[in-house]
Amino acid sequence: MTLKRATLAYGPRTLWEDLNLTVAPGEFLAVLGANGSGKTSFLKTLLGMTQLSSGTLMLDGAPARRGNRTVGYVPQQKNFAPDTPLRARDLVGLGVDGDKWGFRLRGRSYRARVDELLEQVGATSYGNIPVGMLSGGEQQRLRIAQAVAANPKILLCDEPLLSLDLNHQKEVSALVGRQAKDHGAAVVFVTHEINPILEHVDRVLYLAGGKFTLGTPQEVMRSEVLSELYGTRVEVLALDGRLVVVGGPDTVLDGHALDTLGSVTERELS
Ligand SMILES: Nc1ncnc2c1ncn2[C@@H]1O[C@H](COP(=O)(O)OP(=O)(O)OP(=O)(O)O)[C@@H](O)[C@H]1O
């Protein structure tokens, strides 16, 4: 997947400009940034749903287009209606056989693949339940199983960990990480919180205020780099093996980070 001199602007508002980026097969790119910085718009461009204002984009040797089967996509969470006439395993099955309505591959190999995917996202126990009856986190795990089902060459994920508990965040992150390392997918993973995926990430694209910075997590997740990007003082703290960004408009502190930060502050004060 390659972007050359890519710019996306809505009217006078530029989301990013002159972006040169190749995500190689097997590489895991995290896309970070504050609300409204353009993360979802970046994915929509890769999906062929939004056109670049200038520059070029090639996916697996061809221009981006909608409905490309080499691209797997986990959309931002939106719950199914309670009366959706689809069981959990049917939803996952839609991703398995390369055919929207699931007519092509049936029988034992189809069922075995669906079972395997359900297990990988911890959904075996609710495979036969209609999707609309499931919690947001349970539905989200199914969407991830559906997106990876056909081992897509390019896997695009829009905040897939939202509403998952810590254990499922870890499992799902590992599953997406394996799509890159074992199956050679180029992964683009939009997230507010880098910590759950940190061990899988090769590079970070950090968007802010119409600008971006690109590099390894070690290169990008640094106080001076993010301060420069935001144009204001931002601290990146490493606490307990976790990275906490403090001071930027997208400061996200989960309970764990707050606890840790609290204890550091207490220590420093005492
Ligand atoms: N089709 C559009 N026309 C005009 N402006 C748009 C369009 N789509 C998005 N925007 C604007 O572009 C900006 C970036 O939106 P986007 O959804 O990409 O941000 P985001 O980084 O994904 O935010 P969040 O973290 O809140 O999901 C927002 O200010 C949004 O209002």
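Two strands pair if DSSP finds at least two bridges between them. Helices (H or I, at least four residues) and strands (E, at least two) are DSSP runs, numbered from the N terminus. The model is a predicted one, in which local features need pLDDT of at least 70 and side-chain atom pairs count only at pLDDT 80 or more, while totals for chains, interfaces and linings use all residues. Residue numbers start from 1 along each chain as its sequence is written.

Strands β2, β1, β4 and β5, in that order, make up an open sheet of four strands with antiparallel pairing. Its edge strands are β2 (13-22) and β5 (62-63), each of which pairs on one side only. Strand β1 (residues 2-10) runs antiparallel to strand β4 (residues 54-59), and four bridges join the two. In this pairing, Thr2 stands opposite Met58 in β4. On the β2 side, β1 pairs in the antiparallel sense over six bridges, and there the bridge partner of Thr2 is Thr22. The hairpin of β1 and β2 has two residues between the strands, and Gly11 in this hairpin takes a positive phi near 55°.

Another open sheet has six strands in the order β6-β7-β8-β3-β9-β10, with mixed pairing. Here the edge strands, each pairing on one side only, are β6 (71-74) and β10 (211-215). Neighbouring strands of this sheet are turned by 15° against each other on average, direction ignored; such angles run from 0 to 180 degrees between N-to-C directions, and axes are lines fitted to C-alpha atoms, for helices over the stretch in contact. Strand β3 (residues 28-33) pairs with strand β9 (residues 203-208) in the parallel sense over five bridges.

Helix α1 touches β3, β7 (154-158), β8 (186-190) and β9, and its direction makes about 150° with that of β8. Helix α5 (residues 166-181) touches β3, β7 and β8, and its direction also makes about 150° with that of β8. Contact here means that the C-beta atoms of two residues, placed from the backbone, lie within 7 Å.

Helix α2 (residues 88-96) packs against helix α4 (residues 136-148) at an angle of about 25°, with the axes 6 Å apart. This makes α2 roughly parallel to α4, where angles under 35 degrees count as roughly parallel, over 145 as roughly antiparallel, 65 to 115 as roughly perpendicular and the rest as oblique. On the α2 side the contact is made by Ala88, Leu91, Val92, Leu94 and Gly95, which meet Leu142, Ala145, Gln146 and Ala147 in α4.

The axes of α2 and helix α3 (residues 107-120) come within 9 Å and cross at roughly 110°. The two helices are therefore roughly perpendicular to each other. Arg89, Val92, Gly93 and Val96 of α2 make this contact with Tyr110, Arg113, Val114, Leu117 and Leu118 of α3.

What surrounds the ligand? Tyr10, Leu15, Gly33, Asn35, Gly36, Ser37, Gly38, Lys39, Thr40 and Ser41 do; a residue is near a molecule or strand if its C-beta atom, placed from the backbone, lies within 6 Å of it. Helix α1 (residues 39-46) gives the most to this shell, with three residues.
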